[in-house]
Amino acid sequence: MSFDERDYWQGSIRIKDKLYPRFIGGPLDGITDAPFRRLVREFSADELLYTEMRHVACVANDKGGVKSLNFEQLERPLNYQVAANHERFIAQALERIVAKGVDMVDLNIGCPARNVIGSGSGSALMADLPRLKQILVAMRSNLNVPFTLKIRAGFKTVNAVEVAQLAQDCGVDALAIHPRLQTQHFEGRPDYALVAEVKKAIQIPVIVSGGVVNFKTAQMVYEQTGVDGYLIGRGIWAKPWKLHEMREHAAGREFVVDRALIYRCALRHFELMLDYYGLHAVYVFRKHLPFYVRGLPDAAELRKFLVTVTDPELIKQGLTQAMAGSL
Ligand SMILES: Cc1cc2nc3c(=O)[nH]c(=O)nc-3n(C[C@H](O)[C@H](O)[C@H](O)COP(=O)(O)O)c2cc1C
């Protein structure tokens with residue numbers, strides 16, 4: 001690593017007037033929820049974490065904020081992500097979000113899901129720039145915290161550079177780009193050459209989202225794009241240590257991931273989920289467990305046992321025994 005590169009990896013991303021580590025916890029709906037973010041915090045104190053996307057109408061109409069404002073201050077620094085298809089509800093939703101206490105708010109115009117684009121939000125907005133502009137202006141004028149935007153390469157055709165320039169002109173403070181079209185969903189090679197074009201076209205910080213799973217891939221993406229930050233999506237799933245691991249590797253230090261760490265995290269994750277979801281955690285945890293145990297020698301046996309058990313104490317016992325290597 002050259003002297004300049006080492007400086008870069010020891011540096012930070014500046015969003016408005018604050019510095020954050022370059023590796024950022026990305027939004028994965030249904031996965032990176034409050035209990036998971038709390039677990040990530042046990043490894044990473046100051047890394048920025050995105051919440052999953054919530055529509056501004058849901059936030060504005062949610063009585064007591066139970067369903068949508070489901071985060072706590074200990075999860076900060078937090079970037080609260082919203083979707084919108086209209087200016088309606090924006091002022092009310094943003095007031096509630098900011099009043100609860102967040103570090104910034106993100107608008108997601110990258111979501112490819114059919115029900116989302118069907119209502120004109122998510123990545124559909126990348127094909128409707130007049131409406132996108134109205135929404136960006138409304139959000140900016142209702143926010144006294146930094147405002148970020150998450151985009152794709154485009155909707156059906158590539159227009160990320162144009163959208164990035166519009167975002168900058170409307171006062172967006174940082175831009176994350178997942179360089180795939182809506183039609184590609186989450187598959188296919190991310191277009192890093194497009195990310196490099198976006199980075200050159202605007203002055204606000206650019207964060208890349210897509211295919212960065214460890215420090216080595218971050219280095220490779222940096223060489224191709226020159227971006228300021230890295231949003232880690234699927235790479236953090238069942239790996240709550242990931243942002244810390246990447247930071248250690250970037251500093252030239254080792255970080256060992258062994259079966260004891262994996263099972264310790266799975267157990268802690270389950271405990272945090274029980275606190276948050278109550279007994280329903282038993283079922284929600286079933287989508288995380290296969291990702292924790294993937295590749296471990298006793299994975300199949302343990303998974304078979306844990307996904308049939310409904311008593312949380314038995315699940316904890318199973319994970320504790322696995323951690324000690326006695327299962
Ligand atoms: C299961 C799943 C849920 C996702 N949920 C969101 C979301 O709520 N908001 C968002 O901006 N992106 C969401 N994404 C997209 C990711 O944040 C990310 O942009 C994409 O997966 C590419 O990055 P990766 O290769 O690091 O996963 C989701 C992706 C997946 C696979």
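**Entry 1: the domain boundary**

I counted 3 residue pairs in polar contact between domain 1 and domain 2, both residues at pLDDT 80 or more. I took a polar contact as a pair of N or O atoms within 3.5 Å; within protein, one must be able to donate a hydrogen and the other to accept it, and residues adjacent in sequence count only if both atoms are side-chain atoms. On the side of domain 1 that touches domain 2, I sorted the residues by class into 10 nonpolar, 2 polar and 3 charged.

I note that the model is predicted, with local features needing pLDDT of at least 70 and side-chain atom pairs pLDDT 80 or more, while totals for chains, interfaces and linings use all residues. Residues are numbered from 1 along each chain as its sequence is written, and side-chain values use heavy atoms, without hydrogens and water.

I then looked up salt bridges (a side-chain nitrogen of Lys or Arg within 4 Å of a carboxyl oxygen of Asp or Glu) and found 1 between domain 1 and domain 2. I also recorded a salt bridge joining the side chains of Glu42 and Arg268, at 2.8 Å from N to O.

**Entry 2: the domains**

I read the bounds from the domain assignment: domain 1 is 3–250 and domain 2 is 259–323. Their centres, taken over C-alpha atoms, are 29 Å apart. The contact (heavy atoms within 4.5 Å) draws 15 residues from domain 1 and 13 residues from domain 2.

**Entry 3: the ligand**

I listed 15 residues around the ligand, the closest being Pro27, Asp29, Gln81, Ser209 and Arg234; a residue qualifies with a heavy atom within 4 Å. A backbone N or O atom of Pro27 lies 2.8 Å from a ligand oxygen atom. For Lys150, I noted a polar side-chain atom 2.9 Å from an oxygen atom of the ligand.

Technical notes: Domains from an automatic or database assignment. Nonpolar A, V, L, I, M, F, W, Y, C, P; charged D, E, K, R; others polar.
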